[in-house]
Amino acid sequence: QTEISAQQNKKDEGREFDVLVEGFSRRSREQLCGRTEQNKMVVFDKGNHHIGQTVRVRITGSTSATLLGKTLE
């Protein structure tokens with residue numbers, strides 16, 4: 001299952017999503033996490049964004065459980 005999830009998330013690399021910010025990343029208070037409309041978790045740098053906002057994010061990497069992205073200003 002982990003391998004299949006990793007393959008599916010890899011397909012989203014390079015795509016853009018609107019992400020609803022849910023909270024801080026588990027690893028750093030300098031990063032936020034949120035979910036796409038497909039309910040996939042995305043982690044990105046905090047910048048000037050806040051919990052509750054919807055942020056446009058381009059996916060730059062992935063793991064089996066998480067998408068990694070950069071916000072589009």
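The model is predicted, so to speak of its limits: local features need pLDDT of at least 70, side-chain atom pairs count only at pLDDT 80 or more, and totals for chains, interfaces and linings use all residues. Residues are numbered from 1 along each chain as its sequence is written, and side-chain values use heavy atoms, with hydrogens and water left out.

I begin with the overall dimensions. For 73 residues, a compact globule would have a radius of gyration near 11 Å, and the protein agrees with its 11 Å. This radius is taken over C-alpha atoms, and the globule rule is 2.2 Å times the number of residues to the power 0.38. The C-alpha trace spans about 35 × 20 × 15 Å along its principal axes. Of the contacts with a separation of 6 or more, 46% are between residues 24 or more positions apart; contact here means heavy atoms within 4.5 Å.

Next, the surface. The accessible surface comes to about 5000 Å², and carbon and sulfur atoms hold 44% of that. These areas come from the Shrake-Rupley method with a 1.4 Å probe, and for residues only the protein chains shown count as cover. Buried residues make up 32% of the 73 residues. Buried means under 20% relative accessible area, exposed over 50%, and partly exposed in between (1.4 Å probe, protein chains only). As for charge, there are 12 positive and 10 negative side chains, and the centres of the two sets lie 3 Å apart. Lys and Arg count as positive and Asp and Glu as negative, while His and the chain ends are not counted. The place of a charge is taken as NZ of Lys, CZ of Arg, CG of Asp or CD of Glu.

I now follow the chain through selected residues. Q7 has its place in helix α1. Q7 is partly exposed, with a relative accessible area of 45%. Its C-alpha atom is separated by 14 Å from that of I59, 52 residues apart along the chain.

Is D12 buried or exposed? It is found in the loop between α1 (2-10) and β1 (16-24), and D12 is buried, because its relative accessible area is 5%. The side chains of D12 and K40 are joined by a polar contact of 2.7 Å. A polar contact is a pair of N or O atoms within 3.5 Å; within protein, one must be able to donate a hydrogen and the other to accept it, and residues adjacent in sequence count only if both atoms are side-chain atoms. Leaving aside neighbours within four places in sequence, D12 is in contact with F17, K40, I59 and L67.

E16 is in strand β1. At 30% relative accessibility, E16 counts as partly exposed. Which side chains does the side chain of E16 meet in polar contacts? One is R56, at 3.4 Å, and another is R58, at 2.5 Å. Not counting residues up to four places away in sequence, E16 touches R56, V57, R58 and L72.

S25 lies in the loop between β1 and β2. S25 is buried, with a relative accessible area of 11%. A polar atom of its side chain lies 3.2 Å from the backbone nitrogen of R27. Beyond residues up to four places away in sequence, S25 touches Q31, L32, C33 and V43.

E37 lies between β2 and β3 and, at 72% relative accessibility, counts as exposed. E37 and D18 are 19 residues apart in sequence and 7.3 Å apart in space, C-alpha to C-alpha. N39 is found in the loop between β2 (31-35) and β3 (41-45). N39 has a positive phi of about 70° although it is not a glycine, and N39 is exposed at 52% relative accessible area.

Finally, G52 is found in the loop between β3 and β4 (54-62). G52 is exposed, with a relative accessible area of 51%. Not counting residues up to four places away in sequence, G52 touches L20 and V21.

Note on methods:
Helix = DSSP H or I, 4+ residues; strand = E, 2+ residues; numbered from the N terminus.
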